[in-house]
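Reader: I have just opened this one and would like to go through it slowly. Could you take me along the chain before we turn to details?

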Amino acid sequence: RLLIKITGWPRIGFLKEIFPKAKFIHMLRDGRAVANSLLNVDFWQGWQGPQNWRWGPLSPAQRHDWLAFDRSFLALAALQWRIMMDATEEAKRLVKETDYVELKYETLCSRPVDVSEQIINFCGLGWTPTFQALVQRYPIKNTNYKWEENLTPAQQTTLKTVLSEYLERYGYD
C-alpha cells in the first residue's frame, strides 16, 4: 500500500496508470478557507499574478472575475481553488466510481473515527480496535473558521461572490 497526500493539480490519471489498482480519496475543503490559507503561506505564487503562477492562464471567464475585483489577490486565490476543483472533476472521470471517494475535511475533523473507518473500508483494509485507538489519540482541529476571522467583511463578500457557484455545488452555501 502507498499512501500519499498531494495538493494542487490532481494526478489521478498519472497515478492510475502507474498503479492500476489505486484508489483515490479527495479530501474536499471549503474554498473560502483554502483561499484564505493560500494568502498566508510563503509558497503561494499568486502574488506574482496569474501570468507567473503555475496554474496556467486564466480563462476569459476567470479573468473577468479577477478583473471585477480589481485584480485582488484574494479573488485570485479563490479562482485557484475553482481551477483545482474543475481539474479534479475532470480527473475523477478517469477512474471507476468504486475507486474514488470524496470526503469533507470538516467531517473528518468532527468525526475522525467514523471517517477514518470509512476510508479504511474504502481501501479494503481491516478496521481494528488498535487503529481506532490511534485515530482517537490524535485530535484533528478544524481551522476553516479562520477566513471569517482574518478577512474583512468586504473580503468575505469577494470570496462568496467569486466562489458562489462552487460553494453551492460542494455544499458550502
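Author: Reading from the N terminus, the order of elements is α-β-α-α-α-β-α-α-α-α-α, and this is a predicted model rather than an experimental one. In total that gives nine helices and two strands.

Reader: What does the C-alpha trace span along its principal axes?

Author: The C-alpha trace of the chain spans about 55 × 35 × 30 Å along those axes.

Reader: And how many residues are there, with what share buried?

Author: The chain has 173 residues, and buried residues make up 41% of them. Its accessible surface comes to about 10,700 Å², with 54% of that belonging to carbon and sulfur atoms.

Reader: What share of the contacts joins residues at least 24 apart?

Author: If you take the contacts between residues at least 6 apart in sequence, 69% of them join residues at least 24 apart.

Reader: Let me pick a helix, then. Which residues of α6 are buried?

Author: Helix α6 covers residues 112-122, and its buried residues are Val 113, Val 115, Ser 116, Ile 119, Ile 120 and Phe 122. In general, an α-helix has 3.6 residues a turn, so residues three or four places apart point the same way.

Reader: What covers those buried residues of α6?

Author: The cover includes both strands, β1 (24-28) and β2 (100-104), together with the helices α5 (105-110) and α7 (129-137). Just after α6 comes Gly 124, which takes a positive phi of about 75°.

Reader: Switching to the rings, how many aromatic pairs are there?

Author: The count comes to six aromatic pairs. One of them joins Trp 81 and Tyr 170, an edge-to-face pair with 6.0 Å from centre to centre and 70° between the planes.

Reader: Why does that pair tie together parts that are apart in sequence?

Author: Trp 81 belongs to helix α4 (residues 73-92), while Tyr 170 sits in the segment after α9 (153-169), so the pair ties together parts that are 89 residues apart in sequence.

Reader: Are Trp 81 and Tyr 170 buried or exposed?

Author: Both Trp 81 and Tyr 170 are buried. Elsewhere, ring pairs link Trp 44, Trp 47 and Phe 73 into a cluster.

Reader: While we are on charges, how far apart are the mean positions of the positive and negative ones?

Author: The chain has 22 positive and 19 negative charges, and their mean positions are 6 Å apart.

Reader: Back to the loops: where is Ser 72, and is it buried or exposed?

Author: Ser 72 lies in the loop between α3 (60-68) and α4. It counts as buried because its relative accessible area is 18%, and the cut-off for buried is under 20%. Leaving aside neighbours within four places in sequence, Ser 72 is in contact with Trp 66 and Thr 158.

Reader: Last one from me: what does Gln 155 touch?

Author: Gln 155, which is found in helix α9, touches Leu 74 and Asn 150, not counting residues up to four places away in sequence. Gln 155 and Leu 74 are 81 residues apart in sequence, and their C-alpha atoms are 7.4 Å apart in space. With a relative accessible area of 30%, Gln 155 is partly exposed.

Definitions and conventions
Residues numbered from 1 in each chain as written. Predicted model: local features only at pLDDT ≥ 70, side-chain atom pairs only at ≥ 80, totals over all residues. Heavy atoms only, no water. Helix = DSSP H or I, 4+ residues; strand = E, 2+ residues; numbered from the N terminus. Buried < 20%, exposed > 50% of the residue type's maximum accessible area, 1.4 Å probe, protein only. Contact = heavy atoms within 4.5 Å. Areas by Shrake-Rupley, 256 points an atom, 1.4 Å probe, with all protein chains shown as cover. Lys, Arg positive; Asp, Glu negative; His and termini not counted. Charge placed at Lys NZ, Arg CZ, Asp CG, Glu CD. Phe/Tyr/Trp six-rings, centres within 6.5 Å; stacked < 30°, edge-to-face > 60°.
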